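Here are my notes for your review.

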Amino acid sequence: MKKIAIIGGTGLTQISDLNIINREQVATPYGSPSAEFVTGELNQKQLVFLARHGNPHNIPPHKINYRANIWALKQLGVEKIIAVAAVGGITPAMEPARLALPDQIIDYSYDRKHTFFDDEFTPVTHIDFTVPYSQALRKQLIAAAAATNIKLVSAGTYGCTQGPRLETTAEIKRMEQDGCDLVGMTGMPEAVLARELALEYAALAVVANWAAGKTEGEITMKEIEHNLHTGMANAIDVLKAFIALL
Ligand code: HPA
């Protein structure tokens, strides 16, 4: 079986049902990853877990060392990554607490170390990114959700903003016109770095809130936490079913 990793986002700093076998720090040429890598068994199958924002949760999206995280996973022999991420919902199907499986990305982030191909010793490399997520992994996650009867929106465009602030109403309007269904802060450069190292990568998005301007009033941390509580529990059930189906 190919080695699998789960990167947990906001609301998922650990998987409580994981039967932990090993915890290790990994050094990389790019510096330190977000946290230690936890190897464990879920449904009798091994996986590696990494808390994207650190454990405790204290690394903001723009300060995550994405290169170190992805490099370390490759070094650990991981071949497939499921990235769990909290997002805001833009289009009507993306309601709070819903799970979604984006199939496209628009990157609005900036000032992040977004490639492994940027030293003068490597020939200029332009990787293909037409289809940014692994179709095979996405199909398996759709099957897993069907097996659990958990509703999952099976496609959508993920817009990645810089954060850590949330967006303005006008920014969300522009993103919607661009074709974004979801907005998050960590989807890039994580997805492209995985592609550069030939790792299969899919994102399981959990909608935490309606994006800015989609409801009256402000977005509160309280509503985000409330929706993530339900959404992440569903995400874990889908991940368990995904592992069982392997
Ligand atoms: N915008 C960006 N990232 C997010 C949001 C949002 O509304 N909710 C959770 N992550």
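Which element gives the most to the lining of the largest cavity? The points below work through this on a predicted model.

1. **The cavity.** Searching the whole structure turns up 1 cavity of 30 Å³ or more. The largest cavity holds about 40 Å³ of space.

2. **Its lining.** The residues around the largest cavity are Arg52, Ala83, Ala85, Tyr133, Tyr158, Thr186, Gly187, Glu190, Ala191, Tyr201 and Ala203. Three elements, β5, α4 (187-196) and β11, each supply two or more of the lining residues. The answer to the opening question is α4, which gives 3 residues, the most to this lining.

3. Sorted by class, the lining comprises 7 nonpolar, 2 polar and 2 charged residues. Arg52 and Glu190 both belong to the lining, and both count as charged.

4. **Strand β11.** Of the 11 residues in strand β11 (residues 200-210), 9 are buried, so the rest of the structure largely encloses this strand. Buried here means under 20% relative accessible area.

5. **Pairing with β5.** Strand β5 (residues 78-89) runs parallel to β11, and 10 bridges join them. Within this pairing, alanine 83 stands opposite alanine 203 of β11.

6. **Pairing with β6.** Strand β6 (residues 99-100) runs antiparallel to β11, with 2 bridges between them. Leucine 99 has valine 206 of β11 as its bridge partner.

Definitions and conventions. Residues numbered from 1 in each chain as written. Predicted model: local features only at pLDDT ≥ 70, side-chain atom pairs only at ≥ 80, totals over all residues. Heavy atoms only, no water. Buried < 20%, exposed > 50% of the residue type's maximum accessible area, 1.4 Å probe, protein only. Helix = DSSP H or I, 4+ residues; strand = E, 2+ residues; numbered from the N terminus. Pairing = 2+ DSSP bridges. 1 Å grid on protein atoms, 1.4 Å probe; cavity = no way out; pocket = protein on both sides within 12 Å on 5 of 7 lines; lining within 4 Å. Points joined across faces, edges and corners; volume = space filled by probe spheres on them.
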